[in-house]
Amino acid sequence: MRQIVVLSGKGGTGKTTVSASFALLAKKAVVADCDVDVPDMHLLSHPEIVKKQEFRGSKLAIIDGSKCIKCGLCQRECRFEAITQNFTVDPFSCEGCGVCTVVCPVNAITLMERISGYVYISKTKYGFLVHARLNPGEANSGKLVTMVRLNAKLLAEEENIEIIIIDGPPGIGCPVIASVTGVDAGLVVTEPTMSGIHDLKRVLRLLAHFNVRPFVCVNMYDLNVNNAEKILDFCKENGIKVVGKIPFDAKVTEAMVAEKTIIEYSPESDAAKEIVAIWNRICEELGLGEASAKH
Ligand code: SF4
Ligand code: SF4
């Protein structure tokens, strides 16, 4: 089984345009939407949910009013000001740290696991999609990414599917680390701006740290050819394979509005042709079979 993660230094660089197109081009792949804070693969793939799983990523303190002697110790020690004047717990402020359970003299407080979101397995027009939703105000998206990836792996094994395409979160934080560990290759989608170059270097350092083979593609490269050249030079100097340069193409936005990938919406557009070429180059580099490459 091969796992390919698509990353970007920040949101809005065209990462999902590329990964949704890969999902279509791969013909037989499991797609894992690991951008769990802002999931959007479902917008392009119109999933039909076949399985829903609870994600319990955090804890909540519960006070048993019949035991509480109203000593106020929990309220004084809670650093998150989550305990109200009436000695109840505000679920939006409680971080589940457990300090109150330690200080309570009558053991009136227990920590309960709470549902922080859901993981879904869906069927889409491209094949299987594993995606998730984090409840508002919930953190722990790294743990949720791990759960999405685990489900994607089990599903790929069950269905005898050889490729997992991961739409990773932007940046280099905890959910990104959870998205890249153990994958075969990481494609970084970057844009030709100064901040894009800076972000690209950070993501490449992360991939190097986790021993993930890096590929780079420059999206909308013709909006600033000088900066695009700087990216190409940097990659050349550091032995990083640039698999493509996607031109700016208004059809990409039209495709998103139509809730389609650019490959479906306008297969003859310059952007679509370059994304197909990028997919074929990655397949060639990774030695993926004929069934996946050669479009
Ligand atoms: S678990 Fe922590 S955050 Fe929640 S109420 Fe207790 S002390 Fe406060
Ligand atoms: S520490 Fe325990 S007994 Fe004291 S106010 Fe809090 S819940 Fe009630």
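Residues are numbered from 1 along each chain as its sequence is written, and chains are lettered from A, with ligands numbered from 1, in the order in which they are written. In this predicted model, local features need pLDDT of at least 70 and side-chain atom pairs count only at pLDDT 80 or more, while totals for chains, interfaces and linings use all residues.

The chain holds eleven helices and eleven strands, where helices (H or I, at least four residues) and strands (E, at least two) are DSSP runs numbered from the N terminus. Along the principal axes, its C-alpha atoms fill a box of roughly 70 × 40 × 35 Å. Of the 295 residues, 46% count as buried. Here a residue is buried if 20 or more other C-beta atoms lie within 10 Å of its own, exposed if 12 or fewer, and partly exposed in between, with C-beta atoms placed from the backbone.

In soluble globular proteins, nonpolar side chains tend to be buried together. A nonpolar core is taken as a set of buried Ala, Val, Leu, Ile, Met, Phe, Trp, Tyr and Cys residues joined through C-beta atoms within 7 Å. The largest such core has 78 residues, and V31, V148, I165, L187 and I275 have the most contacts inside it. Helix α11 (residues 270–286) gives this core its largest share, eight residues. A second, separate core has eleven residues, among them C74, C78, A82 and I109. As for V148, its contacts beyond four places in sequence are with A32, C34, V36, V119, V130, H131 and A132.

Helix α1 (residues 15–25) is mostly covered, with eleven of its eleven residues buried. The buried set runs through K15, T16, T17, V18, S19, A20, S21, F22, A23, L24 and L25. After α1 comes K27, whose phi is positive, near 70 degrees.

Two packed helices are described by the angle between their axes and the distance between the axes. Axes are lines fitted to C-alpha atoms, for helices over the stretch in contact, and angles run from 0 to 180 degrees between N-to-C directions. Helices α1 and α11 pack at about 65 degrees with their axes 10 Å apart. The pair is therefore roughly perpendicular, on a scale where angles under 35 degrees count as roughly parallel, over 145 as roughly antiparallel, 65 to 115 as roughly perpendicular and the rest as oblique. On the α1 side the contact is made by V18, S21, F22 and L25, and on the α11 side by I275, V276 and W279. These residues divide into six nonpolar, one polar and no charged; Ala, Val, Leu, Ile, Met, Phe, Trp, Tyr, Cys and Pro count as nonpolar, Asp, Glu, Lys and Arg as charged, and the others, Gly among them, as polar.

The axes of helix α7 (residues 194–209) and helix α8 (residues 225–237) come within 10 Å and cross at roughly 15 degrees, which makes α7 roughly parallel to α8. Here M194, I197 and L200 of α7 meet N227, K230 and I231 of α8. This contact divides into four nonpolar residues, one polar and one charged.

Several single residues complete the picture. Q3 lies in strand β1 (residues 2–7) and counts as buried, because 24 C-beta neighbours fall inside 10 Å. Leaving out residues up to four places away in sequence, Q3 touches I164, I166, V183 and D184. From Q3 to V30 the separation is 27 residues in sequence and 9.5 Å in space, C-alpha to C-alpha. I177, in helix α6 (residues 174–180), is partly exposed because it has 16 C-beta neighbours inside 10 Å. I177 and G72 are 105 residues apart in sequence and 40 Å apart in space, C-alpha to C-alpha.

Two loop residues other than glycine have positive phi. F87, with phi near 60 degrees, sits in the loop between α3 (73–77) and α4 (99–103) and is partly exposed, with 17 other C-beta atoms within 10 Å. N160, with phi of about 60 degrees, belongs to the loop between α5 (141–159) and β8 (163–167) and is exposed, with 8 other C-beta atoms within 10 Å.

Technical notes. Contact = placed C-beta atoms within 7 Å.
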